[in-house]
Amino acid sequence: MNWAILIIAGLFEVAWAIGLKYTEGFTRLWPTVGTVLAMVISLGLLGIAMKTLPVGTAYAVWVGVGAVGTAILGIFLFEEQANPARLVSLALILAGIVGLKLATHA
């Protein structure tokens with residue numbers, strides 16, 4: 001169950017990372033409120049997942065989910081580059097996340 005919580009925490013990390021773009025430097029109220037709320041939820045869920053998962057694994061997976069998700073949404077929402085080197089790099093991060101899951105017995 002804590003793996004699912006950890007993935008959800010990573011998805012909320014994606015939400016706040018993308019939300020930062022919409023806050024326009026924290027000058028827009030509702031995007032800022034949503035971004036801060038996503039931050040709090042993300043960190044809270046990460047803390048819950050760390051009750052049983054190793055700290056290094058949990059943190060690395062949380063950051064990895066956030067990084068991959070944010071980069072993919074950046075491609076679709078903000079027309080960021082999707083060149084082969086970038087996509088291969090994202091796939092490598094994803095492979096690392098899967099590897100950590102397979103190597104952790106929690």
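What is the mean pLDDT of the protein, and what share of its residues reach 70 or more? The mean is 96, and 99% of the residues reach 70 or more. The model is a predicted one. Confidence can also be followed element by element. Helix α4 has the lowest mean pLDDT among the elements, at 96. Helix α2 has the highest, at 98.

## Overall layout

The protein has four helices and zero strands. Read from the N terminus, the order of elements is α-α-α-α. Helix α1 covers residues 2-23. Helix α2 covers residues 29-49, and helix α3 covers residues 55-78. Helix α4 covers residues 84-103. Taken along the principal axes, the C-alpha atoms fill a box of roughly 45 × 35 × 15 Å.

## Helix packing

Two packed helices are described by the angle between their axes and the distance between the axes.

| Helix pair | Angle between axes | Distance between axes |
|---|---|---|
| α1 and α3 | about 45 degrees | 8 Å |
| α2 and α3 | about 150 degrees | 10 Å |
| α3 and α4 | about 150 degrees | 9 Å |

Take α1 and α3. They pack at an angle of about 45 degrees. That makes α1 oblique to α3. The crossing of α1 with α3 is right-handed. By class, the residues of this contact divide into 17 nonpolar, six polar and two charged.

Next come α2 and α3. Their angle is about 150 degrees. The two helices are therefore roughly antiparallel to each other. The crossing of α2 and α3 is right-handed. On the α2 side, the contact is made by Ser42, Leu43 and Leu46. On the α3 side, Ala58, Tyr59 and Trp62 take part. Five residues of this contact are nonpolar, one is polar and none is charged.

How do α3 and α4 pack, and how far apart are their axes? The angle is about 150 degrees, and the axes are 9 Å apart. Helix α3 is therefore roughly antiparallel to α4. The crossing of α3 and α4 is left-handed. From α3, the contact draws on Thr57, Ala60, Val61, Gly64, Val65, Ala67, Val68, Ala71, Ile72 and Ile75. From α4, it draws on Arg86, Leu87, Leu90, Ile93, Leu94, Ile97 and Leu100. The classes are 14 nonpolar, two polar and one charged.

## Aromatic pairs

How many aromatic pairs does a search of the whole structure find? The search finds two. One of them can be described here. Its rings belong to Tyr22 and Phe78. Their centres are 5.7 Å apart. Their planes stand at 45 degrees, so the pair is tilted. Tyr22 lies in α1 and Phe78 in α3. The pair therefore ties together parts that are 56 residues apart in sequence. Helices α1 and α3 also pack against each other, with their axes 8 Å apart.

## Two loop residues with positive phi

Which backbone angle stands out at Glu24? Glu24 has a positive phi of about 50 degrees although it is not a glycine. Glu24 lies in the loop between α1 and α2. Glu79 has a positive phi too, of about 55 degrees, and is not a glycine. Glu79 sits in the loop between α3 and α4.

## In brief

The protein has four helices and zero strands. Helix α3 packs with α1 at about 45 degrees, with α2 at about 150 degrees, and with α4 at about 150 degrees. The tilted ring pair of Tyr22 and Phe78 ties α1 to α3.

Technical notes: Residues numbered from 1 in each chain as written. Predicted model: local features only at pLDDT ≥ 70, side-chain atom pairs only at ≥ 80, totals over all residues. Heavy atoms only, no water. Axes fitted to C-alpha atoms, helices over the stretch in contact; angles between N-to-C directions. Parallel < 35°, antiparallel > 145°, perpendicular 65-115°, else oblique. Left-handed = near helix turned anticlockwise from the far one by under 90°. Contact = heavy atoms within 4.5 Å. Nonpolar A, V, L, I, M, F, W, Y, C, P; charged D, E, K, R; others polar. pLDDT = per-residue confidence, 0-100. Phe/Tyr/Trp six-rings, centres within 6.5 Å; stacked < 30°, edge-to-face > 60°.
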